[in-house]
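Trainee: I have some questions about terms and cut-offs. Can we take them one by one?

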Amino acid sequence: MIRHNILNNSMAAQNYIEGIKRLKDPAQFPWPGQPALSIYDVFVFWHHQSMMLMTPPGQTDRNAAHSGPAFLPWHRYFLLTLEGFLQQALDDANFRIPYWDWNADAELPNPSTSPIWDNINLGQFIGADWHIRLAMNGATGNLQRVNRRLQRNLGASGTLPTREQVRTTIRNQTVFDQTPFNTSTPGGVRNHVEGWVGSARIHNNVHVWVGGDMQLSSSPNDPIFFLHHCNVDRIWAAWQEMHPAATYVPDMTAPSALQFHRIDDALYSIFEETVTPRDMLDYSRYYEYDTFTDLVAS
Ligand SMILES: [Cu+2]
């Protein structure tokens, strides 16, 4: 089953929006034991918790899902888990999350005029019907109960990465990751796509460009989060296809300071299940993408 470009497939777009609204409703999809919170809020909590779990403890750079090798497999797992709930909500096992091709929007004179932000699409979530219930407190860094609208600040800071920047990264990065496996890692597709090295700052820049809630540890509050990360995942998938001999690193001979990031470590989860980076490498077990040609053309 295919993950589509959301702007080329109105059925995928409308199913995604409808499914997200159902998962957000505590009456339809309650978070067990958490009154007035829903399964959607679980994802906000889970993402925040991943950023609080420093790996290893005692440093402030790498956490269980960011600034290290697990960034790509952890977010693949996170999306697959949401995708499973969306399939339940829509009663459609064939549903796949669509992606936001922000490279296309980067070519617009004003990217904030992209139809993805129209009211029929993701624009509607800044309306009064979409309540943010858990959000990071900017002063303390803690997650707290809130009741407010979603916040965005499209284009106020940051820039959307260009197609050429992404193509260059996919072509030139020949290894998955490198020591010291954090934000200082000089080469490798993980740190370039995550955006801590290289002028494009690919993934990070999109969070900054959307602004508002997307800049917090509670960023899954914005449904654009999953569409953004689906495109990040597509870039990793295209890179995997272009560099089939490149293996995931580190392996299990790496020190325990790299726990949560080694190939057979359990990825950080709040569900009772064990999923490893290795389990996430062959994405084609779960979905395909409609195209990579925009990412790998010369
Ligand atoms: Cu994240």
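Trainee: Where is the place of I270?

Mentor: I270 sits in the loop between α8 and α9 (277–281). Helices here are DSSP runs of H or I, at least four residues, numbered from the N terminus. This is a predicted model, where local features need pLDDT of at least 70, side-chain atom pairs count only at pLDDT 80 or more, and totals for chains, interfaces and linings use all residues. Residues are numbered from 1 along each chain as its sequence is written, and side-chain values use heavy atoms, with hydrogens and water left out.

Trainee: Why is I270 called partly exposed?

Mentor: Its relative accessible area is 32%. Buried means under 20%, exposed over 50%, partly exposed in between (1.4 Å probe, protein chains only). So I270 is partly exposed.

Trainee: Which residues does I270 touch, not counting those up to four places away in sequence?

Mentor: V42, F45 and W46. Contact means heavy atoms within 4.5 Å.

Trainee: How far apart are I270 and W117?

Mentor: They are 153 residues apart in sequence and 31 Å apart in space, C-alpha to C-alpha.

Trainee: Which residues line the largest cavity?

Mentor: F71, L72, H75, R76, L79, H229, V232 and D233. Lining residues have an atom within 4 Å of a point of the cavity, a set of 1 Å grid points over the protein atoms alone where a 1.4 Å probe fits but cannot get out.

Trainee: Which helix gives the largest share of that lining?

Mentor: α3, with five residues. Both α3 (71–90) and α8 (224–242) each supply at least two.

Definitions and conventions: On a 1 Å grid over the protein atoms alone, a cavity is a set of points where a 1.4 Å probe fits but cannot get out, and a pocket is an open set with protein on both sides within 12 Å along at least five of seven lines; lining residues have an atom within 4 Å of a point.
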